Amino acid sequence: MEAPPELSTAMRRGVLEFCVLALIEREATYGTELVRHLGTEQNLVTSEGTLYPLLSRLRRAGWVSSTWQESPAGPARRYYSLSPAGRSVLDHFRREWIDFRDTVDRLVGTKT
Amino acid sequence: MSGSQHDHLVENYLAAVQQALHPVPAIHRTELLTDLREHIAVERAVLVEESESQVRSILDRLGDPDVVAAAALDEQRYGTPAAAPAPDNGAGAGQRNRRRWSPLGLALTALAVVLTACLAIGFFARLYESDAGSPQPAPSSSGQR
């Protein structure tokens, strides 16, 4: 029995960006590393390349800042870090998420 | 030995993404292609001795060109970030998400206001009219039993 694929797509759409924000919260990370990390998490992304449009949007929204840094090997890398606006959004999500998760768990019967 | 012999794999891949990105605005298309190109270059740079299968594996992990392009389209469609919450303290110096009224937005709002006013006037006019006439529709006399 397989779940309809749209379900996981819709769920991902809602939370993926906050996972990205949380991953760069502590230290700036370059795109390739960030994308590889997320790619190894289960059920989070379909493929690494699909994350770049999301990163572009987060840049445009001003939730992440990016800077180019030289690398000892290969081309310069774009490092992503959390902007003050991104931090505020992430804090807000964390509060909302706890309530949201509790409500869904209670209604769906997955509360442990 | 030089990786450049596998460049054509990369170029073919990027060309396929570009093709699939046709419906996406040019500025976003260029941005995504630049990001993908950089990703591939960074991944290739750490390979000691690059083999064809390693390059293919980098491209496979990036994903099918159609799937990557679909993600870009998806961002176009659903990707307007939710309104950022107001900063918790007064020192939200970094907030850049202030909303600005575009001229088009203003025009549309004005139009909506005018339309609503017209509808409201029409509605009340009708209400008065029907008040002046019979207050209730006469019960139909066709009912049996």
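## How H2 and H3 of chain B pack

In this predicted model, helix H2 (residues 26-45) of chain B and helix H3 (residues 52-62) of chain B pack at an angle of about 140°, with their axes 10 Å apart. H2(B) and H3(B) are therefore oblique to each other, given that angles under 35 degrees count as roughly parallel, over 145 as roughly antiparallel, 65 to 115 as roughly perpendicular and the rest as oblique. Axes here are lines fitted to C-alpha atoms, for helices over the stretch in contact, and angles run from 0 to 180 degrees between N-to-C directions; helices (H or I, at least four residues) and strands (E, at least two) are DSSP runs, numbered from the N terminus.

The crossing of H2(B) and H3(B) is right-handed, a term used if the near helix is turned clockwise from the far one by less than a right angle, with anticlockwise giving left-handed. On the H2(B) side the contact (heavy atoms within 4.5 Å) involves B:Leu36, B:His39, B:Ile40, B:Glu43 and B:Arg44, and on the H3(B) side B:Val55, B:Ile58, B:Leu59, B:Arg61 and B:Leu62. By class, this contact of H2(B) with H3(B) comprises 6 nonpolar, 1 polar and 3 charged residues, where Ala, Val, Leu, Ile, Met, Phe, Trp, Tyr, Cys and Pro count as nonpolar, Asp, Glu, Lys and Arg as charged, and the others, Gly among them, as polar.

## The two sides of H3 in chain B

B:Val55, B:Ile58, B:Leu59 and B:Leu62 of H3(B) are buried, that is, under 20% relative accessible area, with exposed meaning over 50% and partly exposed in between (1.4 Å probe, protein chains only). These residues cover an arc of only 90° around the axis, which puts them on the same side of H3(B); the arc is that of the directions from the helix axis to the C-beta atoms. On the other side of H3(B), B:Ser53 and B:Asp60 are exposed.

The cover over the buried residues of H3(B) includes helix H3 (51-61) of chain A, together with helix H1 (7-20), H2 and helix H4 (65-78) of chain B. Just after H3(B), B:Gly63 adopts a positive phi of about 115°.

The axes of H1(B) and H2(B) come within 11 Å and cross at roughly 155°, which makes H1(B) roughly antiparallel to H2(B). Residues of H1(B) in this contact include B:Val10, B:Leu14 and B:Val17, while those of H2(B) include B:Leu33, B:Leu36, B:Ile40 and B:Arg44. The residues of the contact divide into 7 nonpolar, 1 polar and 5 charged.

B:His6 lies in the segment before H1 of chain B and, at 8% relative accessibility, counts as buried. Leaving aside residues up to four places away in sequence, B:His6 touches B:Arg44, B:Glu50, B:Ser51, B:Glu52 and B:Val55.

## Chain B overall, and a loop residue in chain A

Chain B has 5 helices and 0 strands, and of its 145 residues 23% count as buried. In chain A, A:Asn43 is found in the loop between helix H2 (31-40) and H3, where A:Asn43 has a positive phi of about 65° although it is not a glycine; at 66% relative accessibility, A:Asn43 counts as exposed.

## Basis of the values

Residues are numbered from 1 along each chain as its sequence is written, and chains are lettered from A and ligands numbered from 1 in the order in which they are written. Local features need pLDDT of at least 70 and side-chain atom pairs count only at pLDDT 80 or more, whereas totals for chains, interfaces and linings use all residues, and side-chain values use heavy atoms, with hydrogens and water left out.
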